[in-house]
Structure formats: C-alpha cells, structure tokens
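Have the model open as you read.

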Amino acid sequence: MSDGLLIPGNSKTGPGIWLFNLPREETCVGASALCKEHCYAKRFRRFSTVDPAHQARLAVCRQSDFAEQLIQEIRERHCKVVRIHVSGDFFSAKYVRQWIRICRATPDVQYYAYTRSWRLSKILPALNALRALVNVQLWWSADRETGQPPEGRIAFIAVDDNDL
C-alpha cells in the first residue's frame, strides 16, 4: 500500500491515535448475528475508498513480512497509540501472533482493541498472550448472544432496552 497500513485517527478516536482496519465480513470470525446486524463498521461503506483499502491491508496481513512492515511504519510515523480494528477483527491465531511481535517490538506504543474472536477456542490462547502484554489493552466484545466471555475487560453492546 503506497499510503501505508495505518490511517490517522478520526473525530471519535482523536488525531493522535493511529488506526489499523480490515474488512469486517472476512475477518469478524467471532461475530454474533446481533453484532453483524448492528455492526459499527457498516457505516464506513458509504465511502468508496474504504473497502479496497481494507482488502489491501488484509492482503498485506497475509504476507510473511507483515509484522516487519508495520513495525517500520509505526516507528517512522512516531506512533504513540494504535487502535487495532475499528473495522475487522483478529481472524486467526497466526495473525494474533503477528500482533504480539509488533507490540513487543514497539513497547513505547500503546495498543488497544475490541474483539469477539475470543469465541473461537483456536484463537483464544493467542489473544490471552496478546492481552498479557503491558502495552496492550484488549476488551472482549460481547452481547446477549455471545455467551459469557473469559475473565478480563468486557465491552458489552446494548442494542435495546432488553440489554439493560
């Protein structure tokens, strides 16, 4: 990607926070039906450049040097805070392990993410390793359909008064 893998923060996150996004349909492997119905990232579809950019990032994620590419960009941009996945999610344990490498290589950067991939037993151990890092804040995203997440920070999505 010629413009890089990270994009500057928006009005919701703030300008000092860098964002890394992926396509939601292909990567949200732990999404519940309720999550898919009320997906925050659906709002981005009105911008014609979003889908191709997300697809391009996903292609880079599958390259063997993904972690190295992102580490270099984080250092070049002097990032202090990175939000992982405003759109998309941790789609495999291998991908999570790439993020572990990135976060370990840049200990002066703070990372945060919300994930529903905790619902997949093959990804959960890697997510636990990621959230154990001192520079990572990871929330288990849940709703009334997901079941109870493991111990940790939980972001519960309430979609109507039944969720109070």
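This is a predicted model: local features need pLDDT of at least 70, side-chain atom pairs count only at pLDDT 80 or more; totals for chains, interfaces and linings use all residues.

Here, "buried" means under 20% relative accessible area, "exposed" means over 50%, and "partly exposed" is anything in between (1.4 Å probe, protein chains only). Residues are numbered from 1 along each chain as its sequence is written, and side-chain values use heavy atoms, with hydrogens and water left out.

Now for the inside. A nonpolar core is a set of buried Ala, Val, Leu, Ile, Met, Phe, Trp, Tyr and Cys residues joined through side-chain atoms within 4.5 Å. The largest one here has 40 residues, and those with the most contacts inside it are Phe-20, Phe-66, Phe-90, Trp-99, Tyr-111 and Leu-130. Helix 5 gives the most to this core, with seven residues. (Helices are DSSP runs of H or I with at least four residues, strands are runs of E with at least two, and both are numbered from the N terminus.)

Helix 5 has 13 residues and reaches 18 Å from its first C-alpha to its last, close to the 18 Å expected; the expected span is 1.5 Å times one less than the number of residues. Among its buried residues are Val-96, Gln-98 and Ile-102.

What about the rings? Rings of Phe, Tyr and Trp (its six-membered ring) pair if their centres lie within 6.5 Å; planes under 30 degrees apart count as stacked, over 60 as edge-to-face and the rest as tilted. The structure holds 10 aromatic pairs. One of them is Tyr-95 with Trp-99, edge-to-face at 6.5 Å centre to centre and 90° between the planes. Both lie in helix 5, four residues apart, about one turn of the helix.

Trp-99 also pairs with Tyr-111: the centres are 6.2 Å apart and the planes at 70°, so this pair is edge-to-face. It links distant parts of the chain, with Trp-99 in helix 5 and Tyr-111 in strand 4, 12 residues apart. Trp-99 has a relative accessible area of 0%, and Tyr-111 counts as buried at 1%.

Step back, and ring pairs link Phe-20, Phe-66, Phe-90, Phe-91, Tyr-95, Trp-99 and Tyr-111 into a cluster.
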